[in-house]
Each structure stands twice: as structure tokens, then as C-alpha cells.
Amino acid sequence: AVTSYRRSAELAPGAHGPLVNLSGLLLQMGDAAAALPVARGAVRATPKLAAAWCNLAGALIECGETEEAIEAARRALMLDPHNVEAHFTLGKSLLPSQPEEAAAAFQRAIELKPDLKGVHYLLAGVLKAQGKRLEAVAAYRAAIAVDPAFAVAQNDLANTLKDLGRYDEAVVAYRAAIDADPTYAGAVNNMGVTLQEQGKLAEAAAAFQRALEITPDYTEAFRNLANSKRFHRQDDLTRRMQALAERPDIGGEAKIHLHFALGKVHGDLGDTEASFRHFEAGNKLKRATFTYDRKGVEGYFKDLETCFDVDLFQRHLKNGNQDATPLFVVGLPRSGTTLVEQILASHPDVFGAGELSLLGNVIFGTSHPSAFDDFPKNLAKAADADLSQAGQGYLENLRSLSQSHRHIVDKMPANFQFVGLIKLILPKARIVHCVRNPIDTCFSIYRNYFFEHQPHAYDLEDLAAFHNLYSDLMAHWHRVLPGFVFDISYESLVETQEEETRRLLDFCNLSWDPACLEFHKLDKAVKTASAYQVRRPLYKTSVAAWKNYETYLGPLISKLKT
């Protein structure tokens, strides 16, 4: 067909038909570089034909020329406002820079032609990125209604349902993705992670094994499987991982997963040198994938201490929303935040919602008060109404997670940055701060792979510097807001569990309930690296675990304020 269209264009140089058809065909074949000059020729030959501009926009998108693509798609729509392909192409070209306008373009395409599974699918992705997960679920379901065997949409639907805490529905969607494509190792692995978070550990391990049967070099599944068991000897699994790590064609993120997995294996086997070398290699590879602005982070923490001073709180003594529903559990990752949430969620009056991005959305989302622009520098301009509105917006989203419980736990560790803002917008909230030995905390972070962005986590000196900033900021909150934050020590909790649990419940204004001592029996999904640990009663083996690796932790220990 390409040969015939090219011959037609040669025989009739002024005709637009062969050029339009040829550019469209080349785009369908995935050869945008070849399509682009042909599409330009088509619009020169017939500048009033919407299809020619539409093909040009499509070729420009694929070639990375998004600004020109937007203009070409708009030209197509000026010529034919009902051109479905032009609306779709405009949406794709707007995605990187103007997601809300992209969503509107996709929705217009759907209004004109409802059975476009690809448009529903892209719309769902935009909605999910905007935090509109319920709308995203509806869009994914619409794509699947057009094509029930749309495996990628089933998998992404499952991921979104899991984000909403609808784990059983998520597993159903993962199974549908796997039924549609039995070779879809990613969906099998994702289902394993979901089962793991639900505490179905044997089923999770079986899923990871199945993912590896489908794709034998699927290193993420190896890492998940390594974290699902304790190793007492070298076995076939460890030998397969080692062989993969030595292959020159395995690199990038795949290699990172392997190093973290092998670090865990050798740690279980007591070979701390090999264990640390793998953790070190994995962290170095991960750290090389981005630039970390340590000075910029230091400036941000300084701004937090400067802006949230005593005068700011004095100016807003009767501010914010007075609802006492939220219980915030804050700290650094691996400091015991999951354990503390699990204890609180074992109380009948408390719902554990996990790590929520709601507070970050209030500050950095598209509909925040202008006083939150360039946070925290403009906070001095905030009116009481702004703070009350922000608190109300947070609560409405929080309450959508549970209507029946008196309190809801938001266990986003990074909310330690926002203690001052919580006081301003939710003054009746309770904040529990998890404290753990700094070296144990930092080394535990260093040993774990994070999907969420933790740029300070992959270098021992960066970790020490960040921990120092965090410690100084928490000391600042205690100075300017005495009594607002309750510190709970991980070491004290594992040593005197009942005494510390009673102190915790008293601070949160909760009655004593012995179920809080049996937190490991709680049937609740856990979405962190602690998913296995919190299924067990309290144990002390994690206290001072860093000492086995002390020889290798000089850059961390020497820089930490302990």
C-alpha cells in the first residue's frame, strides 16, 4: 500500500489524496519520522482539509513536537469541529502540558463517538493523575465495556481500585487482565503485590512465581518474591537472581531490583558484606537516574521554620475546621508508622486509611488558596477563610473513605513537613510522631526500594543530611506548638507494648481496647514494605539491626546528629 500511494503521488503531484492516505498509513505503521514530511506535503497541497492537518498533528506528537502538534490539531478542528480524530489528537498533544484541556478534548471525542476504547483509556489516565480516582475508574470501565479483553485497561483499573482501598475488586480486575492475556506478567506481579498487602502471603508468593514462569527475567517479581520469605540457604531462586545480575544485557531499573533482592537474600544468610555491596550497588544505580538538590531541600526546610513561627499561630488562634476526625501518623519511612497505624486501626472507633496524598493535594493541587502558592512563603497572607476552606476540603475527601468511624488515620509519613499547616487548618486533629533510632531508620530506608519519590534515600550522606533536617524541623514544631505532637518511640513500643499503647490511645482520646495489643490480627491491607512485619506480634530483632553493618555505615554515622 505504501508503494502504491507513493507511486500515485509521483503520477499526480498536485493531488492531495495519496499524500493524506500515505501519511495516515505510515502513522498506523508506527513510522512517524517518515510520515511527517509526507503530512507536511499534504497540508501544503490542501490546507483546507481537516484530515491532512490531523495527520500532521499525529506525526508531530510522535516526533516530540508538541507545540506545533497542538496548533495543527486546532487547525483541523477549525476546519471540521466534529472531527473525532482531531479531538483525540488534540487531547494527546495537550497531555504533557495542559492535562485539564486534554481531558476536555478526550471527552468531546467521546461525545461524538462513544465506542473509542483508546480515548476512554487516555481520559482515565488523565483523571487518575489529577487525583480523580472515582472518575478514572468509570473511564477505565467504559474502555473495557467497548473491549472486555482490553488487558492493559483491566490492569490499570485494578491499580486504581487498589489506590482506593478496594482490594477485592482490584484482584477481580487483575484476574480479568490475566484472563484476557495469560502472558501479562505485569498484571500477575501486581496482583501478587495486592494479595501481599492483604496479608494473603502464600497466594502472593504463588503469583510472583507465576510471573517468573511467564517472564523468567522479570526482576521486579524476583525482588517481591525475595521480600516474601526468609532465606536460610542458597537455593534455586538465589542462583537464578545471581545469574541474572551477572548478565551484561540486564541493566537499568531491572538491575536495581536484582541488587535490592540479593541484598535481602545475603542479609538473611548472614553475609553482611555481600548484602551491603548489593544494597550499595542498587542505591548507586538508582541515585544516578536523577539529580538531587540537597541545597534546595535545605532551603525549603529553612523556609518552613521561618514561615511557621509563633506569630503566625497567634494570628490564627480560632482558625480552621474544628472537626477532630483526623489522626495523623508522621515520621520517616521505616520508623514504625505502619505499626502505629495498625495499632490505632485495631480500635473499633478508628479507620486506618493508609498513606494518603490528600494533604499534599490541598497544598499543591490546582484548587488551593492563593496563599498556598510557592508554599510556604506566602502563608503569612492567608485569611482565616482560606484556612477553614482548606480544612473542609481535606475533611470531605477524608470522610469519603469512611462514614462510620469516629476517627480516620492518615499515615503519610511525609506529612511531618506539614505539622504547622495541620494546626492552622485542622486544629483539633491529633498528630502522632514515630521516632526510631536514627541509624536504624536511615539504614532501613537504604535497604528498601521505593516506588514513590524518595530522592534522599539512595546515598548515605544524603540520608544523614535529610534526617538532620527532619529532626531539626520536628524540634521546631515542638517549640512553637507545645503539646500538639505526640512522640512515640519504636524502641519503647517493642519493649513495653501495653504501656506505650495506653499512652498512645490516651493522646488520641480513645478508650482502652485490648484489640490494640493484637494489631497483627487486623484484617486490613498494608501498602508498605512493612506488609509482612505487621502480620506478626511485636518482635525486637529490628532494634539496633544496623550494628551488623556498622563497618560499612561510616558516611552515615559520621554525619548524623544522634
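Visitor: How many cavities of 30 Å³ or more does the structure hold?
Guide: One. A cavity here is a set of points on a 1 Å grid, over protein atoms alone, where a 1.4 Å probe fits but cannot get out. This is a predicted model, where local features need pLDDT of at least 70 and side-chain atom pairs count only at 80 or more, while totals for chains, interfaces and linings use all residues. Residues are numbered from 1 along each chain as its sequence is written, and side-chain values use heavy atoms, with hydrogens and water left out.

Visitor: What's the volume of the largest cavity, and which residues line it?
Guide: About 30 Å³, counted as the space filled by probe spheres set on the points. R436, D440, F443, S444, R447, S542, A545 and W546 line the largest cavity, each with an atom within 4 Å of a point.

Visitor: Switching to packing: how many residues are in the largest nonpolar core?
Guide: It has 88, and L56, L90, F106, L157 and M241 have the most contacts inside it. Core members are buried (under 20% relative accessible area, 1.4 Å probe, protein chains only) and are Ala, Val, Leu, Ile, Met, Phe, Trp, Tyr or Cys joined through side-chain atoms within 4.5 Å.

Visitor: Which helix gives the most to this core?
Guide: Helix α4, residues 50-62, with nine residues. Helices are DSSP runs of H or I, at least four residues, and strands are runs of E, at least two.

Visitor: And what does F106 touch?
Guide: Leaving out residues up to four places away in sequence, F106 touches F88, G91, K92, L95, V119, L122, L123 and V126, with contact meaning heavy atoms within 4.5 Å.

Visitor: How many bridges does β4 make with β1 and with β5?
Guide: β1 (326-330) and β4 (430-435) pair over four bridges, and five join β4 to β5. In β4, I431 is the bridge partner of F328, and I431 in turn has V485 as its partner in β5. V330 stands opposite H433 in β4.

Technical notes:
Buried means under 20% relative accessible area, exposed over 50%, partly exposed in between (1.4 Å probe, protein chains only). Two strands pair if DSSP finds at least two bridges between them. On a 1 Å grid over the protein atoms alone, a cavity is a set of points where a 1.4 Å probe fits but cannot get out, and a pocket is an open set with protein on both sides within 12 Å along at least five of seven lines; lining residues have an atom within 4 Å of a point.
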